[in-house]
Amino acid sequence: MAPTPLAQPSQAVSRRRWLGLLASPYPRRRLLLLHWLIACVVYVGTAVLLVAGVDQGWMRFGALLGWSSFVTVVLLSGYGAIRSGWSERFADPALTQWQLSMGVIAVNWGYVICGPMRTAALFPLMVVFVFAAYGLRFRQIGWLTLFTVLCLASAVAIRQWLPAWIDSAQPPSPLQVDLYNLSMIAVVLPAFALVTARLSALRKKLRDQRAQLADALAAVERLAVSDELTGLPNRRAMLETLATNTRHARRGLLPVTIAMLDLDHFKRINDTLGHAAGDAVLVGFAELVRQLLREGDVLGRWGGEEFLLVLPGATAAQAQQVLWRVQAAVRDQLLAGQPVTFSVGVAAHRGSESAETLLSRADAALYEAKHAGRDCVAIASGESQVAADPI
Ligand SMILES: Nc1nc2c(ncn2[C@@H]2O[C@H](COP(=O)(O)OP(=O)(O)OP(=O)(O)O)[C@@H](O)[C@H]2O)c(=O)[nH]1
């Protein structure tokens, strides 16, 4: 019976589900499993050639079975360690050093058992050293090279002096061929490893530069929204905070009240003690006020000796209480050795007014507070009147 049109997509979905299960939902693990898959293809390709070798009578089936069992165990343990996330406890979750060492052993094992094809059996070493560029450091690549040459020397020794271990279908071959192969590998591999190590170093440099760039970008982003002297949000950041809060207030989500704070007679501090002392007062003031506010209130430097405070969810009266408390605390403390006071203009957001209108009402209230003698809180017209801390 012909398949129904619906059968095709459902098969595709179930195939995708199986592939999804075999791979991993985590992108990093998926990438590592892709590398694992490439290794699989190389191993399977080699196994196919070894089967052909058995077919030609160059090696025995038992030897192929031993090699295949070793490779299967290596591949399955590598897959399990990566897929389960177990390998993530190590600095290199790809387990590159282990996987490549196993690859070197598999290649040399193949060299021992596959008779006249043994020179070809060395070719997968190229894959091993290309992978080394991805996951190994300079020194590790050096060790891997030494390990490979020693493994091949052992393979040659086993072939020549322990033929009983080989289960070979062929009579022992002349030593000269094996020594020739060993010498070739000992000459070529270090040069190959050097290029691989250079590639690996370049990749590391690229990674480091990318990390530095990300740090620099984060610093630029931080500087773009914070005031260099006090570390508070700067005028640009406060405009955004204000825009967000007035938008919420207009939609009826959360009322907002703002306050403009201005240090009194700050010019005198600068003129008598110098600009550095003035800076220290600004830093001390910012730090002290910030500590006295509740979480959610946002204090920013508006410019010069002027600060903007946004109090989401507060009414003008509540803001006034908060600011009286802050004024009392500032009055009680010397900032950079100086007694300091400040005046405040408060405005609560009304109806559908814009951030600009709200700001200009707070500014006008601040002007009133200055005119009323300073060190007091004035509330924007229509809401209340100028008042000093009653305590
Ligand atoms: N040290 C220092 N001084 C600053 C900074 N920004 C602005 N100023 C100074 O702050 C002073 C503000 O002076 P005015 O606008 O006359 O205000 P004021 O002396 O505080 O007087 P009132 O606000 O009327 O109480 C000026 O002398 C500015 O140079 C800064 O970042 N550091």
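Mentor: Helix α11 gives the most to the shell around the ligand, with 4 residues. Helices here are DSSP runs of H or I with at least four residues, strands are E runs of at least two, and both are numbered from the N terminus. This is a predicted model, where local features need pLDDT of at least 70 and side-chain atom pairs pLDDT 80 or more, while totals for chains, interfaces and linings use all residues. Residues are numbered from 1 along each chain as its sequence is written, and side-chain values use heavy atoms, without hydrogens and water.

Trainee: How many residues surround the ligand, and which are the closest?

Mentor: There are 16, and the closest are H265, F266, N270, D279 and R301. Being near takes a heavy atom within 4 Å.

Trainee: What classes do the residues of that shell divide into?

Mentor: The shell has 8 charged, 5 polar and 3 nonpolar residues. Ala, Val, Leu, Ile, Met, Phe, Trp, Tyr, Cys and Pro count as nonpolar, Asp, Glu, Lys and Arg as charged, and the others, Gly among them, as polar.

Trainee: Which side chain has an N or O atom 3.2 Å from a ligand oxygen?

Mentor: That's E305. K370 also has a polar side-chain atom 2.9 Å from an oxygen atom of the ligand, and for an N or O atom in the R374 side chain the distance is 2.9 Å. A polar contact is a pair of N or O atoms within 3.5 Å.

Trainee: Changing topic, how do α3 and α4 cross?

Mentor: The axes of α3 (residues 61-83) and α4 (residues 96-113) come within 10 Å and cross at roughly 170°. Axes are lines fitted to C-alpha atoms over the stretch in contact, with angles from 0 to 180 degrees between N-to-C directions. So α3 is roughly antiparallel to α4, a label for angles over 145 degrees.

Trainee: Which residues meet there?

Mentor: Among them are W67, F70 and V74 in α3, and M102, I105 and W109 in α4. By class, this contact has 13 nonpolar, 5 polar and no charged residues. Contact means heavy atoms within 4.5 Å.

Trainee: And where is S84?

Mentor: S84 sits in the loop between α3 and α4. Beyond its neighbours within four places in sequence, S84 is in contact with R29 and Y79.

Definitions and conventions. Polar contact = N/O pair within 3.5 Å; in protein donor to acceptor, adjacent residues only side chain to side chain. Parallel < 35°, antiparallel > 145°, perpendicular 65-115°, else oblique.
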